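This briefing concerns one structure, shown below. Please keep the sequence and the model at hand while reading.

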Amino acid sequence: MRTIIEPFRIKMTEPINLISKEERIEKLKKAHNNVFFLDAEDCAIDLLTDSGTGAMSAQQWAALMLGDESYAGSKSWKKFESTVRNITNFKHIFPTHQGRAAEGLLAMTRIKDGDVVPNNSHFDTTRANLEFSGAKAINLLCEDGLNTESDAPFKGNMDIKKLEQCIAKYGADKIPFGMITITNNTGGGQPVSMENIRATKEMLSAHKIPLVIDACRFAENSYFISEREEGYKGKPLIEIAQEIFSYADAATMSLKKDGLVNIGGFFVCNNNDWAEDFKNMLILREGFPTYGGLAGRDLEAISVGLMEALDLDYQKYRNATMRYLNKKLDESGVPVIKPNGGHAVFLDAKKFMKHIPSLEYPGISLINALYIEGAIRAVEIGSVMFGSFDKDGNEIASDLELVRLAFPRRVYTQSHFDYLAEVIIEVWKKRGQYKGLIITKQAKVLRHFSCHFKSK
Ligand SMILES: *Cc1c(COP(=O)(O)O)cnc(C)c1O
């Protein structure tokens with residue numbers, strides 16, 4: 001088979017500044033050993049997140065000029081609404097400035113103290129928003145998803161049996177809605193099958209519980225379904241996406257992912273009461289419902305980006321880049337999550353840094369090594385990000401200790417990927433010399449963004 005090429009040419013460039021190893025050691029020390037405090041210009045390859053970091057197309061930049069900045073009922077809103085409706089077919093559509101704004105308003109309007117919200121795996125902002133409103137956020141990931149060596153095709157699936165048990169345990173009246181996250185960001189960026197989305201919907205429906213999809217990477221998930229699920233081969237991605245949304249009662253989305261833009265989000269639903277409550281809070285917090293905290297030009301760029309994300313050649317290229325790096329690392333013995341996720345390559349830090357116990361944060365140790373050795377910035381998805389404590393205040397280790405290399409969309413080229421592989425393999429070869437860490441300062445919620453670390 002021929003090499004899958006980038007289905008675009010580059011018309012505008014941004015310089016990369018590679019500072020020396022000595023400078024990097026100094027910078028990381030000043031950043032309290034937390035890469036979130038580094039200056040972006042000191043990170044040659046910045047894989048902190050795929051969120052809002054992508055490159056827009058010429059068509060999107062051109063669309064910005066058409067932005068109608070009218071406060072209410074602008075032309076740009078009409079375009080946004082019709083694009084989102086075409087893909088999701090929901091009755092009520094609300095723009096928000098980010099995904100978490102949609103989550104926050106949903107939680108504020110639908111959650112009571114003591115409620116329970118099951119999900120395959122809650123993303124950190126989703127969990128934080130639900131818990132802040134008094135709910136218990138429960139993860140019900142399938143067994144395959146917990147096994148970092150399984151190469152099952154849909155490791156993001158919900159465990160339907162566990163969902164049934166969860167409903168029986170807490171009672172349907174305590175569950176205002178169930179969620180499913182596609183692709184499963186915190187569970188390795190692994191996809192969810194159409195069959196599983198359907199089964200989740202059926203299980204919830206049997207108890208009259210609505211289903212809310214966390215749709216951040218719906219286009220990547222649609223691509224995986226077209227590649228891996230019986231009956232979907234050759235089906236246009238937009239039709240797969242439409243079927244996915246047909247099973248949901250509502251959805252939240254961060255357009256910074258598969259919207260292919262740098263800012264934006266939405267909430268969509270069918271229920272009139274949900275929409276009314278959401279709208280009133282939206283006006284209070286984000287803005288009038290036809291702009292929801294975004295500029296008219298953002299709405300234009302989103303309308304173009306959402307459709308570009310559903311382009312098959314784009315998804316083929318995007319997935320090929322992850323596969324390329326995953327394979328290179330795997331062949332060198334580096335413990336990676338297999339198969340590759342949709343937006344990231346995940347290193348298994350527990351296996352990578354075997355000599356470091358979970359509560360000495362092997363993921364952070366690995367991330368800091370990648371920065372020192374190669375000016376690469378990655379993120380931990382493990383004990384630090386989840387920051388769980390029991391009733392007595394003892395810290396609980398996460399099941400998985402992952403390091404995520406998240407890829408901005410349409411930004412890095414193949415030589416960047418080759419460089420990454422070289423640095424990671426070098427760190428792997430001398431892994432024994434890296435130490436665990438302790439936390440010296442932390443916040444109560446979302447501590448990973450701001451905590452300070454000290455080397456053991
Ligand atoms: C990014 C993300 C969110 C939150 O979106 P923001 O735009 O960052 O607020 C929620 N869920 C998932 C799965 C995400 O990846």
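How many residues does helix 3 have, and how far does it reach from its first C-alpha to its last? Helix 3 (residues 75–88) has 14 residues and reaches 20 Å, close to the 20 Å expected at 1.5 Å a residue, the expected span being 1.5 Å times one less than the number of residues. The model is predicted: local features need pLDDT of at least 70, side-chain atom pairs count only at pLDDT 80 or more, and totals for chains, interfaces and linings use all residues. Residues are numbered from 1 along each chain as its sequence is written, and side-chain values use heavy atoms, with hydrogens and water left out. Helices (H or I, at least four residues) and strands (E, at least two) are DSSP runs, numbered from the N terminus.

**Helix 3**

- Ser76, Trp77, Phe80, Glu81, Thr83, Val84, Ile87 and Thr88 are buried in helix 3 (under 20% relative accessible area, with exposed over 50% and partly exposed in between; 1.4 Å probe, protein chains only).
- Seen down the axis of helix 3, its buried residues fall within an arc of 165°, so they line one face of the helix; the arc is that of the directions from the helix axis to the C-beta atoms.
- The packing partners of these buried residues are strand 2 (92–96), helix 9 (218–228), helix 10 (237–246), strand 8 (265–269) and helix 12 (296–309), where contact means heavy atoms within 4.5 Å.
- Asn89 follows helix 3 and has a positive phi, near 60°.

**Helix pairs**

- The axes of helix 15 (residues 362–374) and helix 17 (residues 414–429) come within 10 Å and cross at roughly 120°; axes are lines fitted to C-alpha atoms, for helices over the stretch in contact, and angles run from 0 to 180 degrees between N-to-C directions.
- Helix 15 is therefore oblique to helix 17 (under 35 degrees is roughly parallel, over 145 roughly antiparallel, 65 to 115 roughly perpendicular and the rest oblique).
- Leu366, Ala369, Leu370, Glu373 and Gly374 in helix 15 meet Tyr419, Val423, Ile424, Glu426 and Val427 in helix 17.
- Helix 7 (residues 160–170) and helix 8 (residues 194–206) have axes that come within 10 Å and cross at roughly 20°, which makes helix 7 roughly parallel to helix 8.
- Ile160, Leu163, Glu164 and Ile167 in helix 7 meet Asn196, Ala199, Thr200, Met203 and Leu204 in helix 8.

**Cys216**

- Cys216 is found in the loop between strand 6 (211–214) and helix 9 and is buried, with a relative accessible area of 9%.
- Leaving aside neighbours within four places in sequence, Cys216 is in contact with Ile182, Thr252, Met253, Ser254, Lys257 and Asp258.
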